[in-house]
Amino acid sequence: NATLREIGARGFEGASVDQIARASHHTKGLVFSRFPSKLELFLEATRRQQTAAFAANDAFIQQVAAERGRGIAEAVAIREMQGASIANGRSILMEQLRLSWHHREAKAAQEADLDAIVETLAQSHPDHFAHEATVMHVGYAVGLGVAMLPAKEQRAVPIGGASLVSFKGINDAQKKAAAAA
């Protein structure tokens, strides 16, 4: 998504709608005909990206959980959030947080999006969401916090002196799991 690439690279204030339009092979007029402001464009781009990412991560966690157990699956997913390949994603998360502090509209949109994702996950996995909503919010906070940590290059999860598996191609595995779901 051109919007996320440009804002991830330049920050919200540094990216222009002209740059975003050029990168997406559209005119600035077309972009503004669909989105009344750069903020609305960013909110829609992040909404789509987060929905797809949560679905891909959920499919990946379910796949690993079926083979190794839920705890291992969640640990591997958290570990992979530290990968260098998601540096742009970390920039986007920081911009989302920063914008939510300064724009009521951004904060409300993020809260609504998170509520929708939680509802979708609760419906698809009622056994994991039988607890109170706090569990999901703590999980989201842990994931967000882990994503902000410096990137790690080591790609294996040590378990009992042995490496469970090399997850160098985890992004491909996440995409395949999401496609299969």
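pLDDT is the predictor's confidence in each residue, from 0 to 100. That score matters here, as this is a predicted model. The protein averages a pLDDT of 74. A score of at least 70 is reached by 69% of the residues.

Helix H2, residues 17–23, has the highest mean, at 94. Strand S2, residues 162–166, has the lowest, at 35. Over residues 152–171, pLDDT stays under 50. The model still has 35 contacts for this stretch beyond four places in sequence. Where pLDDT is low, the predicted coordinates should not be read in detail.

Now for the overall layout. The secondary structure consists of nine helices and two strands. Read along the sequence, the order is α-α-α-α-α-α-α-α-β-β-α. The protein has 181 residues, and 36% of them are buried. The accessible surface comes to about 10,500 Å². Carbon and sulfur atoms account for 57% of that surface.

Next, look inside. The largest nonpolar core has 18 residues. Ile 7, Phe 12, Leu 39, Phe 42 and Leu 99 have the most contacts inside this core. The largest share comes from H4, with five residues.

Which residues is Phe 12 in contact with, leaving aside its neighbours within four places in sequence? They are Ile 7, Lys 38, Leu 39, Phe 42, Glu 95, Arg 98 and Leu 99.

Finally, turn to a loop. His 25 lies between H2 and helix H3 (28–34). Its backbone stands out. Most residues other than glycine have a negative phi. His 25 is not a glycine, yet its phi is positive, at about 60°. Is His 25 buried or exposed? The relative accessible area of His 25 is 72%, so this residue is exposed; the cut-off for exposed is over 50%.

Notes
Residues numbered from 1 in each chain as written. Predicted model: local features only at pLDDT ≥ 70, side-chain atom pairs only at ≥ 80, totals over all residues. Heavy atoms only, no water. Helix = DSSP H or I, 4+ residues; strand = E, 2+ residues; numbered from the N terminus. Contact = heavy atoms within 4.5 Å. Buried < 20%, exposed > 50% of the residue type's maximum accessible area, 1.4 Å probe, protein only. Areas by Shrake-Rupley, 256 points an atom, 1.4 Å probe, with all protein chains shown as cover. Core = buried A, V, L, I, M, F, W, Y, C linked by side-chain atoms within 4.5 Å.
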